[in-house]
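I opened my notebook to look up a few side chains and what they pair with. My entries follow in the order I made them.

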Amino acid sequence: MSSNSKKVLVIGGVAGGGAVATKLRRLDETAEIIMFEKGEYVAFANCGLPYHVGETIPNRDSLLVVQPSLLRQRFNIDVRLSSEVLSIDKDAKTVTVVDTSNGERREYTETYDKLVVAVGGKSIVPPMELHGIEIAPHATDGVYTLQTLPDMDKIKQIADNTDAKSVVVIGAGFIGLEIAEEVHRRNKKVTIIELADQVFAPLDKEMSTPLLNELQNSGIDVKLGTSITKIVKNTDATLTLTTTNGETLTTDMVVLAIGVVPNTDLAKNAGLKLGETGGIAVDDQMRTSDKNILAVGDAIEVHHIVSNTKVRLPLAGNAAKQGRIAANTIFGRESKFGGAIGTSVCKVLDYTAAVVGINEKTATRAGINYKTVYAHPASHASYYPGSESITMKLLYNPDNGRILGMQAVGKHGVDKRIDVIAVAIKAGMSVFDLEDMELAYAPPYGSTRDANNMLGLIASDEMRGDVVHCSYDDIATPTEGQVIIDTRTPSEYDDGHIPNSINIPVDELRGKLGDLDKNTEYLLYCRVGLRGYIAGRILMNNGFKCKNFSGGYLRYILHK
């Protein structure tokens, strides 16, 4: 190593640590790079763990993204497995490490010029009574978290056991829903227990309704608004759970999937600054409060571009980006992390749920001015076989039309729509840009006016004053001076309608204008919103007051 070379220590592997170490080597051939991993695996696909449990991914080795031998040979990185960093002395620029790779405990110190902390997060374990049970890494008591390959192996062992009949999953977020589906694939009775009043919290509640229906229709029992207070291990190795409402459940396995918190013990004990969310505070070049220590991944907090707040977003894609930026910073390259927008997607049985930007809950908490529009467009041209409806919700700033966020749920085409909106948000685009966006079209893939174009058009029409949209509360509880008109056909109306609405099909509306009162405000709806919009244009052009319910009757059902 030359006198100008750097010695860089990387604590942790997987997406963040692996990206740092390999980028460091690509930038400098002479640097000494040491990577510490307290487990046996330095780089594995942690997002793929649930899918091996259900054997969607049948080969376990497929999850081993990079072998330590490759890092050593191709990148000349000193990879030290079963080596846990116990402490950081930022004044002396050393770390204390315990090595258990040979079955014995050997403690030593290592110096550094630069240090990168990529220790990730740790699973949340809720407060509850435990009788005869230990919840710890690689525990064998039937209560598990899912973060590592050994965790996955234990869960899969029970899933493989034909004598094990049932599994309880606590938490209905990404991991909870994924593991529930995969265990369900193994013909186990699955119960999901979720403290919130909805599944998949990144969605607003009404947008989660299709997922809840899909889970329940598949035979998965979902208990919302409850949590576990006690778990008892029985003599036959089964587990008895007690919920907050006094119900008891007996099961063969419990998977805790409530979420993760940043693993900040090392940073905190070293005197590094923590942020307002509890994650390690870093600047846009991934530097901590100590100029020689950087941090990336699930342990840090980042700036959210839309809400303009600090957030924790445990997403592998962001961790990998941050790793490359940290390496650039170490070698003096100008590279910055521009902030996050929370683009994410989740498979739930036959449905896909995706989010980007902010939802209504976040906008309300942050005091952000916003409006929403809903649409239920087809995933591709409806006349081409296999078309399915997508439920979509867009948030935008009513002052300038800037796109703030989008949520989408459906069977096909959800992921590509969310990616378009992610680019639009990063580029600072408006609903007018979305309306005019040129997107790929052929009948098997989309429509002449894409689903995203539809959202832009609906919002742009309101920005121009061509339509005024009413809220769910408006149409659920109209005032004395308002009347609800269902603009669908009589047969559609008879199959189900909003209470207290009258049925005037849009194609008959012009002939019945004489029956309407210009002192009344009419709240219009149809199945998805288009006929309501057309009816609104007829009424507005004839001097009537009206509002349209975007998303129509299908949206109303979501709220119900």
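**Cysteines**

I looked up Cys 470 and found its sulfur 9.8 Å from the closest cysteine sulfur, that of Cys 546, which is too far for a bond. I noted that the model is a predicted one. A disulfide needs the two sulfur atoms within 2.5 Å. I then started from Cys 546, and its closest cysteine sulfur is that of Cys 470, at 9.8 Å, again too far for a bond. My count of disulfides for the structure is zero.

I also checked whether these two cysteines are covered. Cys 470 is buried, at 4% relative accessibility. Cys 546 is buried too, with a relative accessible area of 9%.

**Strand β24**

Next I turned to Thr 372, which I found in strand β24, residues 371-375. Is Thr 372 buried or exposed? I put Thr 372 down as buried because its relative accessible area is 16%, and the limit for buried is under 20%. I listed what Thr 372 touches, leaving out residues up to four places away in sequence: Glu 360, Lys 393, Leu 394, Leu 395, Tyr 396 and Ser 550.

I stayed with this strand for Lys 371. The side chain of Lys 371 meets that of Glu 462 in a salt bridge, 3.5 Å from N to O. Glu 462 sits in helix α12 (residues 451-464) and Lys 371 in strand β24, so the bridge ties together parts 91 residues apart in sequence. I compared the two ends: Glu 462 is buried at 11% relative accessibility, while Lys 371 is partly exposed at 36%.

**Other salt bridges**

How many salt bridges does the structure hold? I have 27 in my notes.

I looked up Arg 186, which forms a salt bridge with Asp 160, their closest N and O atoms being 2.8 Å apart. This pair links distant parts of the chain, 26 residues apart: Arg 186 is in the loop between α5 (174-185) and β12 (189-194), and Asp 160 is in helix α4 (residues 149-160). I marked Asp 160 as partly exposed, at 36% relative accessibility.

I then looked up Arg 105. Its salt bridge is with Glu 107, with 3.7 Å between the closest N and O atoms. Arg 105 counts as exposed, at 59% relative accessibility.

My last entry is a network of salt bridges that links Lys 7, Asp 78, Arg 80 and Glu 110.

Key
Residues numbered from 1 in each chain as written. Predicted model: local features only at pLDDT ≥ 70, side-chain atom pairs only at ≥ 80, totals over all residues. Heavy atoms only, no water. Buried < 20%, exposed > 50% of the residue type's maximum accessible area, 1.4 Å probe, protein only. Helix = DSSP H or I, 4+ residues; strand = E, 2+ residues; numbered from the N terminus. Contact = heavy atoms within 4.5 Å. Salt bridge = Lys/Arg side-chain N within 4 Å of Asp/Glu carboxyl O.
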